[in-house]
Amino acid sequence: SIAILAAAGAVATADLPSGWRVSPPSGAMTETGTMPQGISLSPSGSKIAIVESGFNPPALRIVSASDLHTIDEISLPGAFGSPAWQDERTVLVAGANANAVLRIDIETGSITRTPVPGWPAALAAHGDTIATADDDTSAISLVREGIGKEPAQIAAGSHPNGVAFSPDGRTIYVSNGGEATVTALDAASHRTQTIATDLHPSALVLSASGATLYVACADADAVDEIDTRKNAVVARIAVGLPQGPGASPNSLALDGDALYVSLGAENAIALIRDRRVVARAPVGWYPSGIAARNGAVYVVDGKGEGSRANPEFDPGAAKRAGYIAATLTGSVRKIDARSIGAESTQMVIADVPSPGPTPAQTIVRSHGPIEHVFYIIKENRTYDQVLGDLLEGNGDPKLAWFGERVTPNEHALARRFGIFDDTDADAQVSAGGHNWSTAAFANDYLERFWPVNYGGRRDLYDFEDGAVASTPANGYIWDEARKAGISMRDYGEFVSPALLGTYSTHMEGLKDRIDPRYPGFNLDISDETRVDEWQREFDAFAAQRNVPAFEIIRLPNDHTYGTRAGSLTPQAYVAQNDHAFGRIVDRISHSPYWSSSVVIAIEDDAQNGPDHVDNQRTTLYIASPYAAPGVHRAHYSTSGVVRTIELFLGLPPMSIYDAVAPPLYDAFGTVPEATPYTVLPPQIDVNAKNLRTAYGAAASARLDFTNADAADPAVLNDILEHAAHKGIQR
């Protein structure tokens with residue numbers, strides 16, 4: 001059902017997994033489907049069209065501009081970007097995977113398709129001409145209605161994602177989100193001109209005269225102002241908060257002389273006048289589209305009004321109950337422009353967490369007793385799935401799919417070095433998880449495209465290993481380590497599949513810093529084999545007294561292979577991963593480096609299981625002589641883990657998220673307890689194989705496990721749930 005909530009007090013201020021807060025709406029608010037991508041007002045201003053294109057099937061939602069009640073919801077074969085109204089009853093939508101322009105009659109619900117050659121991510125119309133930005137072909141398609149010709153295709157830049165016509169229709173502007181350019185296309189001659197902009201431009205809006213083009217540059221925290229007579233940027237308007245970079249400006253709207261910009265990663269909108277931000281206002285979680293007219297501002301929030309628990313997690317149910325991508329619904333808010341002012345500015349800043357003062361005696365600092373950081377990134381588990389049966393923590397034993405019998409080392413490490421039962425992954429899925437885990441950020445390109453990728457409507461998985469469009473402006477922690485002269489080694493994170501038996505990377509900051517014999521994500525390779533290779537290098541470094549100050553170690557096999565016949569059972573995969581993890585701590589703690597080391601391990605995300613507190617709550621482990629045992633109730637996040645590592649290494653924060661995240665100060669004491677850790681043997685058969693008769697064996701054989709989340713998550717999660725609860729019939 002769709003909730004319509006009125007103004008003050010309707011929704012309590014909500015904590016997000018990051019520790020940021022979403023304030024209640026100041027006006028009407030309505031829930032939408034998953035990941036609303038764009039919003040547009042009808043010619044009369046009485047109705048709003050919203051494109052929903054997330055994990056769930058795409059749709060066009062029509063709502064009343066007066067009170068935001070839903071008038072209609074029309075299922076679409078594909079959709080992306082912002083809709084465009086042709087008249088009061090006709091809406092155009094970029095059809096994405098449908099490879100078409102969709103013309104929707106909102107009174108009858110009928111849909112007319114006009115094929116285009118590419119995967120249209122955005123469109124605009126002028127008269128009888130429609131222009132689409134085709135993401136997969138890096139081209140602009142021109143469709144002329146009423147003319148029986150194939151659409152013309154003109155080359156643009158990488159990942160075009162925004163389109164605007166000049167008022168006279170003679171020029172079409174397309175933002176190229178995979179680079180730092182806008183293409184200006186002459187609609188008649190098809191000649192193009194490239195305009196240099198700031199990094200990763202997205203939304204475009206033209207002034208009424210057409211003399212000025214505003215460009216939201218998502219990874220520059222800026223709105224560029226282009227003089228269309230010169231086709232050059234004449235002003236750069238900074239829009240980020242002072243605490244750090246990472247605003248993700250991603251949508252624009254003009255209302256008279258007021259320019260509004262949605263700031264996806266800051267959960268806010270900004271008002272620009274005279275080339276500067278004069279006010280801000282808080283909105284929902286990850287605003288992704290904005291429209292404004294006559295003093296009313298409408299904002300769609302890609303992730304809605306807050307996160308939730310998912311103890312009902314049942315991926316086999318018809319609506320994929322509890323699966324994070326299916327339940328991450330959006331919202332639309334209506335805001336009176338008169339309420340956007342100085343007081344709201346303070347509210348936005350106050351809703352950002354504070355890292356708090358640095359304790360006087362903390363060891364979480366550079367040039368302290370900790371000189372070596374070993375950072376382990378695992379794959380996709382919730383806290384309750386693994387530690388729900390750990391009675392000392394806030395767990396639900398009923399949800400422990402891989403409890404102590406399967407994960408004895410993780411339970412032992414938690415009991416000895418500290419239990420962290422309020423730690424959330426910043427990412428919803430692995431596409432973002434490996435970016436959050438290594439950059440403390442996921443940019444707008446990634447946040448918009450992973451839902452359609454996971455929903456099966458876009459094949460390209462370009463979120464790791466040097467994919468330019470998804471690389472944040474400040475890069476990754478290894479880039480900072482290289483700048484600072486910190487010795488570093490990477491084992492399996494952001495590496496490409498083996499070629500002639502060795503692994504490589506496209507990340508410039510990792511060149512010459514990876515172990516070419518250590519695999520990335522490949523479930524056919526045991527985590528025990530990975531640790532054999534890591535141990536080989538560790539022992540060699542230790543013998544030469546030059547163990548790197550920073551190591552990233554990917555241990556992915558708690559992901560599991562489902563129940564594919566002949567592969568390890570899910571429990572065996574997780575048990576193997578647990579034992580491999582324990583071996584790393586054992587080896588370090590029995591070495592001369594133990595007294596100066598910390599091992600920090602976290603899952604990249606928590607998408608593949610239930611949790612009674614929050615669907616992004618995950619496991620966090622610390623192992624060090626300085627670790628403080630006991631239950632730690634403080635809220636931590638992935639970004640807080642990254643910030644803690646940065647403090648140990650003397651590195652600056654990379655984004656606003658690690659800049660403001662509370663570090664793990666309380667996780668450490670000042671007096672070491674140097675007893676080494678001895679790995680516990682597996683309690684189950686880590687070589688157990690799935691039989692052909694296993695539940696989901698045939699489905700598992702059809703799943704794609706080439707990367708961490710290529711497999712249909714609903715199918716895989718359903719299989720894992722059955723595997724964890726043998727004997728349960730559904």
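# Reading a capped helix, strands and buried glutamates

Q: Which residue caps the N-terminal end of α8?
A: Serine 526 is the cap: a side-chain oxygen lies 2.9 Å from the backbone nitrogen of glutamate 528. Residues are numbered from 1 along each chain as its sequence is written, and side-chain values use heavy atoms, without hydrogens or water.

Q: What is the mean pLDDT of the protein chain?
A: pLDDT is the predictor's confidence in each residue, from 0 to 100. The protein chain has a mean of 92, and 92% of its residues reach 70 or more. Residues 1-12 fall below 50; beyond near neighbours in sequence, they have 26 contacts in the model (heavy atoms within 4.5 Å). Where pLDDT is low, the predicted coordinates should not be read in detail.

Q: Which elements do the buried residues of α8 pack against?
A: Buried means under 20% relative accessible area, exposed over 50%, partly exposed in between (1.4 Å probe, protein chains only). Among the buried residues of α8 are Val531, Trp534, Phe538 and Phe541. The buried residues of α8 pack against β32 (372-378), β35 (488-491), β38 (550-554) and α9 (570-589).

Q: What is the order of the open sheet of 4 strands?
A: Strands of a sheet pair through backbone hydrogen bonds, either parallel or antiparallel. Here the order is β17-β18-β19-β20, with antiparallel pairing. β17 (160-165) and β20 (192-196) are the edge strands, each pairing on one side only. Neighbouring strands are turned by 25 degrees against each other on average, direction ignored. Strands β18 (171-176) and β19 (181-186) share 6 bridges. Valine 174 has threonine 183 of β19 as its bridge partner.

Q: Why is strand β39 largely enclosed by the rest of the structure?
A: 7 of the 7 residues of β39 (597-603) are buried, so the strand is largely enclosed. In a regular strand the side chains alternate between the two faces of the sheet. In β39, Ser597, Val599, Ala601 and Glu603 point one way, and Val598, Ile600 and Ile602 the other.

Q: Which strands pair with β39 in the parallel and the antiparallel sense?
A: β32 runs parallel to β39, joined by 7 bridges. Tyrosine 375 is partnered there by isoleucine 600 of β39. β40 (620-623) pairs with β39 in the antiparallel sense over 4 bridges. Isoleucine 602 stands opposite leucine 620 in β40.

Q: Is glutamate 493 buried or exposed?
A: Glutamate 493 is buried, because its relative accessibility is 0%. Its place is the loop between β35 and β36 (496-499). Its side chain makes a polar contact of 2.6 Å with that of histidine 434. Beyond four places in sequence, glutamate 493 is also in contact with residues including Ile377, Trp478 and Arg554.

Q: Which side chain joins glutamate 379 in a polar contact?
A: A polar contact is a pair of N or O atoms within 3.5 Å; within protein, one must be able to donate a hydrogen and the other to accept it, and residues adjacent in sequence count only if both atoms are side-chain atoms. For glutamate 379 the partner is serine 430, at 2.7 Å. Glutamate 379 lies in the loop between β32 and α3 (383-387). Glutamate 379 is buried, at 0% relative accessible area.

Notes. This is a predicted model: local features need pLDDT of at least 70, side-chain atom pairs count only at pLDDT 80 or more; totals for chains, interfaces and linings use all residues. Helices (H or I, at least four residues) and strands (E, at least two) are DSSP runs, numbered from the N terminus. Two strands pair if DSSP finds at least two bridges between them. Axes are lines fitted to C-alpha atoms, for helices over the stretch in contact, and angles run from 0 to 180 degrees between N-to-C directions.
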